[in-house]
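Have a look at the model on the screen, and then I'll walk you through its inside.

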Amino acid sequence: MTTEDPLGSDAPAYQDSEARRRWLRLIIALVVLNSLVLAGILGWRLLRPERVEIVPAEPRPVTTTTTATPEPEDQPVAAPSEDTDSPEWVSVADDPAAEPPRVALDEPVTFLVIGSDTRENLPDDLGVTDELGGHRADVIMIAAYDGLRVRLLSLPRDLRVGVHGRIRKLNAAYSIDGPNPQLLYETVVNETGIDIDYYIELDFFGFAGIVDGLGGVELYFPYPARDLKSHLDVEAGVQLADGKTALAYARSRQYQEFRDGTWVSVDADDLGRIGRQQSLIFAMLAAAKRLSVFDMFSVSRVLRAVGQHLRVDARLSDRQLVEFVLEARKLDREDIEIVSLPVFERREDDVSYLVAARDSADAVYGSFRGDLGGSPDGPPPSEPARLRILNGNGGSGEADRWSVELEDGGFVVVDVDDAGSFDFENTVVTVRAGDLETGVMIVDALGFGEVTAGTLDEGLDAVVVIGADALGR
């Protein structure tokens with residue numbers, strides 16, 4: 001028995017007409033647009049951070065990076081005296097007159113980015129148990145954005161600088177009458193000669209909240225790793241780190257890896273920590289790009305963590321801040337250049353400093369001032385990269401097999417061993433944060449794998465963990 005059309009006519013077959021496809025694209029575009037608008041509204045409402053008044057400082061030419069010089073009497077903006085109170089945190093959110101002039105996103109802009117380790121109102125579950133009073137700048141970084149790429153220069157907190165005509169460590173400028181962002185800002189400008197547009201500061205709690213809001217970040221560990229002081233404790237492999245773990249990783253100055261049945265210190269110093277912080281930036285960028293604008297709960301968590309734990313220059317408007325956040329989300333790894341500051345260690349009066357190597361440091365600073373074109377590091381070194389090859393898939397002879405391939409490709413293999421585990425699905429090439437190009441060259445030579453930034457032993461340029469994607473090739 002069949003059922004006939006009551007009107008006695010055959011139903012036309014479904015046709016995916018061009019008009020229907022155009023309407024479908026329009027509906028999708030409207031949904032995406034509405035989501036972006038909603039994300040923008042959320043950002044506008046939640047990104048209302050605390051403001052700090054920063055008085056612009058006129059950069060002075062840097063004639064030396066190793067000797068402190070007293071401030072001249074005619075200095076246009078004098079640093080606050082150690083006997084005076086530090087600038088107070090102020091809010092200009094409700095003051096229309098405080099809205100600064102707009103700066104187009106395609107114009108070069110430079111930020112002084114600070115990670116503060118204040119213990120005020122820090123929850124116990126973050127694992128920060130060292131009882132330290134006062135205020136310190138744990139991360140000090142200059143970020144320059146020209147509309148296309150970001151260049152990052154990390155300044156060691158133990159950098160030897162002049163503060164009020166005396167030799168001090170750089171982070172001391174923040175702690176004098178602290179928190180003292182104005183003095184730290186002026187010290188950095190005076191030391192580097194870089195004209196810094198804006199000041200941005202994020203505390204420990206806010207950093208961990210951002211990572212949790214992103215759903216965690218992926219960090220790679222070739223061996224089990226720990227730091228007894230920062231409470232880092234992770235297994236080998238690619239780990240999805242929550243805010244607590246990411247914070248412990250970023251704070252680690254006593255980093256150790258478990259190799260051949262014993263714990264070995266690796267880059268367990270201030271410079272090693274800078275490298276770990278830089279690798280974490282890439283991990284957070286990757287996590288931010290995976291965050292969907294449709295996931296309003298996660299977006300709001302990230303924005304709320306930023307808004308509640310961020311202190312920004314009063315000259316930076318809410319609108320600019322939202323725009324910069326949206327621009328940052330568009331960046332890919334290749335759009336970020338890590339610039340290293342050449343330093344060496346020196347002890348003076350039983351105090352250990354990191355001293356900027358004069359000529360090389362001036363070249364780095366000059367590239368941020370616009371004195372030099374391109375990267376200050378020049379062309380890549382002619383020496384072949386030195387590699388450690390680790391078997392991360394458990395296949396017989398896999399590390400040896402691929403070490404031969406890489407040696408044939410012009411690399412130098414200095415060590416072959418097993419990784420801390422055999423459950424690596426993908427091959428991972430770890431390089432220093434400022435040397436991603438070497439990782440790309442290794443992946444190109446292999447024909448597979450992914451590049452990540454991380455901590456390396458001295459004398460190595462990369463660690464290659466051969467994953468399951470190498471089997472059968």
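Before anything else, how I sort residues: Ala, Val, Leu, Ile, Met, Phe, Trp, Tyr, Cys and Pro count as nonpolar, Asp, Glu, Lys and Arg as charged, and the others, Gly among them, as polar. Also, this is a predicted model, so to speak of local features I need pLDDT of at least 70, and side-chain atom pairs count only at pLDDT 80 or more, while totals for chains, interfaces and linings use all residues. Numbering runs from 1 along each chain as its sequence is written, and side-chain values use heavy atoms, with hydrogens and water left out.

Grid points are joined across faces, edges and corners, and a volume is the space filled by probe spheres set on the points. There are 4 cavities of 30 Å³ or more. Tyr220, Phe221, Tyr249 and Glu257 are among the residues that line it.

The second largest cavity holds about 60 Å³. Its lining divides into 5 nonpolar, 2 polar and 4 charged residues, including Asp138, Arg157, Asp270 and Arg273. Which helix gives the most to that lining? It's α6, with 4 residues. Helices here are DSSP runs of H or I, at least four residues, and strands are runs of E, at least two, numbered from the N terminus.

A nonpolar core is a set of buried Ala, Val, Leu, Ile, Met, Phe, Trp, Tyr and Cys residues joined through side-chain atoms within 4.5 Å. Buried means under 20% relative accessible area, exposed over 50%, partly exposed in between (1.4 Å probe, protein chains only). This core has 70 residues, and Leu280 is one of those with the most contacts inside it. Contact means heavy atoms within 4.5 Å. Neighbours within four places in sequence aside, Leu280 touches Phe207, Val217, Leu219, Ala246, Tyr249 and Ala250.

And the whole protein? Of its 473 residues, 51% count as buried, and its secondary structure comes to 11 helices and 23 strands.

Notes:
1 Å grid on protein atoms, 1.4 Å probe; cavity = no way out; pocket = protein on both sides within 12 Å on 5 of 7 lines; lining within 4 Å.
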